[in-house]
Amino acid sequence: MKLLTEEIFDDSGRVIYHKHGKTWWKDEYDERGNLIRHETSDGYWRIAEYDSQNRITGWETSAGFWEKDITYDKNGIKTYSKHSRYGKCGVGLRIYVEK
């Protein structure tokens, strides 16, 4: 038995809904083309917020993880954020944890 695949596209040609058998996922975009919500048939979801330059300023998942207050330097490199698992995060892989 061959599983049927169904896809729905938006006006920009992006797949916004994909179903294969009983599993599916769907995406929502804002007016600037940023992915703001992703949801799957198993109940997982993630959301994101963006600044005026289309850089992510925060995100959250149904698993309880989040990152917020994301800031960038003049070159667009992430310099700071608060993370649900790691606390305050600095540049690159250096991680600072509040106690």
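I'll start with the whole chain. What does the chain have in the way of helices and strands? There are 0 helices and 9 strands. Read along the sequence, then, the pattern is β-β-β-β-β-β-β-β-β.

On burial, 19% of the 99 residues count as buried. The accessible surface comes to about 7,400 Å², and carbon and sulfur atoms account for 53% of that surface.

Next, contacts along the sequence. Take the contacts between residues at least 6 apart: 1% of them join residues at least 24 apart.

A word on confidence, since this is a predicted model. The average pLDDT of the chain is 87, and 88% of the residues score at least 70. Where does pLDDT stay under 50? That is the stretch of residues 93–97. For those residues the model has 10 contacts beyond four places in sequence.

Now to the start of the chain. Strand β1 covers residues 5–9 and strand β2 covers residues 15–20. The two pair in the antiparallel sense, over 5 bridges. One of the bridge pairs is threonine 5 with histidine 20 of β2. Together β1 and β2 form a hairpin, with 5 residues between the strands. In that turn, glycine 13 has a positive phi of about 90°.

Strand β2 also pairs on with strand β3, residues 23–29, again in the antiparallel sense. Here there are 4 bridges. Histidine 20 comes up again, this time opposite threonine 23 in β3. β2 and β3 form a hairpin too, with 2 residues between them. The turn holds glycine 21, whose phi is positive at about 65°.

Is glutamate 67 buried or exposed? It counts as buried, because its relative accessibility is 8%, and the cut-off for buried is under 20%.

What does glutamate 67 touch, leaving out residues up to four places away in sequence? The list is Gly58, Trp59, Lys78, Ser81, Lys82 and His83. The side chain of tryptophan 59 makes a polar contact with the glutamate 67 side chain at 2.7 Å. The side chain of serine 81 makes a polar contact with that of glutamate 67 at 2.6 Å. Glutamate 67 and serine 81 are 14 residues apart in sequence, but their C-alpha atoms are 6.6 Å apart in space.

That is the end of the talk.

Technical notes. Residues are numbered from 1 along each chain as its sequence is written. This is a predicted model: local features need pLDDT of at least 70, side-chain atom pairs count only at pLDDT 80 or more; totals for chains, interfaces and linings use all residues. Side-chain values use heavy atoms; hydrogens and water are left out. Buried means under 20% relative accessible area, exposed over 50%, partly exposed in between (1.4 Å probe, protein chains only). Contact means heavy atoms within 4.5 Å. Accessible areas come from the Shrake-Rupley method with a 1.4 Å probe; for residues, only the protein chains shown count as cover. pLDDT is the predictor's confidence in each residue, from 0 to 100. A polar contact is a pair of N or O atoms within 3.5 Å; within protein, one must be able to donate a hydrogen and the other to accept it, and residues adjacent in sequence count only if both atoms are side-chain atoms. Two strands pair if DSSP finds at least two bridges between them.
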